[in-house]
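User: I would like to go through how some labels are assigned to residues. Please take the cases one at a time.

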Amino acid sequence: QVQVVESGGGLVQTGGSLRLSCAVSGSIFSINHMGWYRQAPGKQRELVALITRGGSTNYADSVKGRFTISRDNAKNTVYLQMNSLKPEDTAVYYCNADLRSSVSFGIYWGQGTQVTVSS
């Protein structure tokens, strides 16, 4: 069974940094793109950053220059380094992975990790 588990969220002051991790486990054959999304209270879930298997990245305009997505293919793990955090970055952050396992394929989501930036 595929599991997607995020970690690293927490409470940080404005201007601070956090590093999120997302580990995918199970009988995984391959993972294509991996991404980070976020959902603030009362708002729709939005893309934060995306990374392909080859390492190409894409960022939301609101986080360009502050956030960096990376991945370790050997560990089936994706990271999100968040610097210069702002109160508007407060949200639940979700990881997803487009993958193929021994029994299924598709996009799998984690349960989310809360990031709170205090002003």
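**Labels and their cut-offs**

User: Why is Ser-21 called buried?

Analyst: Ser-21 has a relative accessibility of 19%. Buried means under 20% relative accessible area, exposed means over 50%, and partly exposed is in between (1.4 Å probe, protein chains only). Since 19% is under 20%, Ser-21 counts as buried. The model is predicted, so local features need pLDDT of at least 70 and side-chain atom pairs pLDDT 80 or more, while totals for chains, interfaces and linings use all residues. Residues are numbered from 1 along each chain as its sequence is written, and side-chain values use heavy atoms, without hydrogens and water.

User: Which residues does Ser-21 touch, not counting those up to four places away in sequence?

Analyst: They are Val-5, Glu-6, Ser-7, Trp-36, Val-78 and Tyr-79. Contact means heavy atoms within 4.5 Å.

User: Why is Asn-76 called partly exposed?

Analyst: Its relative accessibility is 21%, which falls between 20% and 50%, so Asn-76 counts as partly exposed. Asn-76 also has a positive phi, near 50°, and is a residue other than glycine.

User: What makes Thr-113 buried?

Analyst: Thr-113 has a relative accessible area of 12%, which is under 20%, so the label is buried.

User: What lies 3.2 Å from a polar atom of the side chain of Thr-113?

Analyst: That is the backbone nitrogen of Gly-9. A polar contact is a pair of N or O atoms within 3.5 Å; within protein, one must be able to donate a hydrogen and the other to accept it, and residues adjacent in sequence count only if both atoms are side-chain atoms.
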